[in-house]
Amino acid sequence: MDRSFLIAFAGCVAATYASRVAGFYAGTHDLAERNRRILGYVPIGAFTAIVALGLADSTGELDARLPAVLVAGSLAYRRAPLWVCLAIGLAAYYGLRQIVG
Amino acid sequence: VNEHRREIRRGLASLLPIWPGVVSIGLAYAVVSRDAGLTPFEIMLLCVFLFSGAAQFAFTSLIEDHASALAIIGTIALLNIRHVLYGISARRWLPDHGQPPRPVLAHFLVDESFGVAEAEVERGRPSGWFLLGGGLSLWLAWNLSVAVGLLFEGAIDIPDDAGLDFIFPLSFVALTIPLIRHRRHLAAAVIAVAVTFAFNQIAGTGLTVFAATVAAVGVAIVLEPRDGP
C-alpha cells in the first residue's frame, strides 16, 4: 500500500470519526426545554439543505424533480411511511421525465 | 436485550427503501475508484472505516490529482463537519445509559441514519439502538454494493441518467416535512434553503449543509419562546 495513501487515509478516518463522535460528548442530555427545542432545528436545517442541494444540482431536470418533491412532501405531510413517499415520488419523477423530456 | 435487538432490526429495515440509491452510487464508486488507481483492498478499507460516500468520492479524486495529505484531510474534515451538529442534537434525546456505546454509535452517524432516528423522535420513540440499526443498514448497503462493483469490474452498468440519486433528496423531504410543525420551523427551513443556494456557489456540499444548519439554529434562538418560570 502506498505510504501517501496510508497517511491520507488514516487522517481522513480520524477527522471523520472525530466529527461523528465529538457531538455525542460535546452535547448533553440534561438540557433546559428551550435548548432542547433549539437543537431540534438541526435536522430541519440540515435536511432542508440536502433537499435544496439535490434540486440545485439536478442539471436540467428541475421540471421533473420539483413536482416529484412536492408530491413526496405532501404524502409526508399526511404521515405516509418513507417507502410510500419514495415510491410515489419516484413514480412522479419518472412519469414527468417522460412528459417533459 | 431483546428490546435493543428489536430496535436495531427496526432501524435496519427503516432504511431499506433507500438501498437502491445507495447501491447505484456504490457501483459507480467502485468504477471511479478503480479508474483512479486505488486497489480493491484500499477501496474496501475506505468503505469500512471512512464510510462516507461524498467523502470517499472527494478522497479518491484528490488522491488521483496527487493532492497533499494535508489538503485531503482538510477537505474531508470540512465535508463532514456537519456531523458534530448531528451528535449534539441527538444528545437531547440520547440518555447517558441504556443506549449503545457512543464511540460505536458515532461510526454509524450519517445523514440518513440520523434522519430516520429523528423521525422516530418525532413519533415519540427516540432510540440510540434504532439509530445504530439505521447506520448499520447504510454501512451494509454501501460495503456490499462497492464490493459487488469491484467483483464485477463495471459489468453492472447503471446509466448516469437513471435518476436513482434522486432517492436521497426525496427521502429527506419525507423525513423533514413531519418535523415542520410550527411557523418558526418553516421560517428556519426557508432560511436554510436561502443559505444553501447562497453557499452552494462558493462552498462544497459539507460546508453548505453546515452553514444552513447553523442558520436554522440561529432562527430557533431568535424565534423559540423562553421557558416559563
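**A first look at the model**

Tutor: Leaving aside the neighbours within four places in sequence, Ser171(B) is in contact with Leu82(A), Leu86(A) and Ile18(B), where contact means heavy atoms within 4.5 Å. This is a predicted model, in which local features need pLDDT of at least 70 and side-chain atom pairs count only at pLDDT 80 or more, while totals for chains, interfaces and linings use all residues. Residues are numbered from 1 along each chain as its sequence is written, chains are lettered from A and ligands numbered from 1 in the order in which they are written, and side-chain values use heavy atoms, with hydrogens and water left out.

Student: In which helix is the place of Ser171(B), and does Ser171(B) count as buried or exposed?

Tutor: Helices (H or I, at least four residues) and strands (E, at least two) are DSSP runs numbered from the N terminus, and Ser171(B) belongs to helix α10, residues 167-176 of chain B. A residue is called buried under 20% relative accessible area, exposed over 50% and partly exposed in between, with a 1.4 Å probe and protein chains only. Because its relative accessibility is 2%, Ser171(B) counts as buried.

Student: How many residues of chain B are in contact with chain A, and which residues of chain B lose the most area to chain A?

Tutor: On the side of chain B 87 residues take part, and they are in contact with 65 residues of chain A. Buried area is the accessible area (1.4 Å probe) that two parts lose on being put together, summed over both, and between these chains it is about 6,700 Å², with 74% given by carbon and sulfur atoms. In chain B, the residues that lose the most area, together 11% of what that side buries, are Arg92(B), Phe166(B) and Leu170(B).

Student: How many helices are there in chain B, and why does its radius of gyration agree with a compact globule?

Tutor: Chain B has 12 helices and zero strands, and its C-alpha trace spans about 65 × 50 × 35 Å along the principal axes. The radius of gyration is taken over C-alpha atoms, and the globule rule is 2.2 Å times the number of residues to the power 0.38. Because a compact globule of 229 residues would have a value near 17 Å, there is agreement with the radius of gyration of chain B, which is 19 Å.

Student: Why is chain A described as more spread out than a compact globule?

Tutor: The secondary structure of chain A consists of five helices and zero strands. For its 101 residues the globule rule gives 13 Å, so chain A is more spread out than a compact globule, its radius of gyration being 20 Å.

Student: What percentage of the residues in chain A are buried, and what share of its contacts between residues at least 6 apart in sequence join residues at least 24 apart?

Tutor: Buried residues make up 50% of the 101 residues in chain A. Among contacts between residues at least 6 apart in sequence, the share in chain A that joins residues at least 24 apart is 42%.

Student: Which residues of helix α3 of chain B are buried, and which elements do they pack against?

Tutor: Helix α3 of chain B covers residues 40-50, and its buried residues are Glu42(B), Ile43(B), Leu45(B), Leu46(B), Cys47(B) and Leu50(B). These buried residues pack against elements of both chains, namely α1 (3-26) of chain A together with α2 (19-35), α4 (53-64), α5 (69-79) and α9 (128-152) of chain B.

Student: Where is Phe51(B) placed, and what is its phi?

Tutor: Phe51(B) lies in the loop between α3 and α4 of chain B, and at 3% relative accessibility Phe51(B) counts as buried. Although Phe51(B) is not a glycine, its phi is positive, at about 45°.

Student: Is His66(B) buried or exposed?

Tutor: His66(B) is found in the loop between α4 and α5 of chain B, and has a positive phi of about 60° although it is not a glycine. Because its relative accessible area is 72%, His66(B) is exposed.

Student: How far apart in space are Glu33(A) and Phe47(A)?

Tutor: Glu33(A) is found in helix α2 (residues 33-39) of chain A, and is partly exposed, with a relative accessible area of 43%. Glu33(A) and Phe47(A) are 14 residues apart in sequence, and their C-alpha to C-alpha distance in space is 23 Å.
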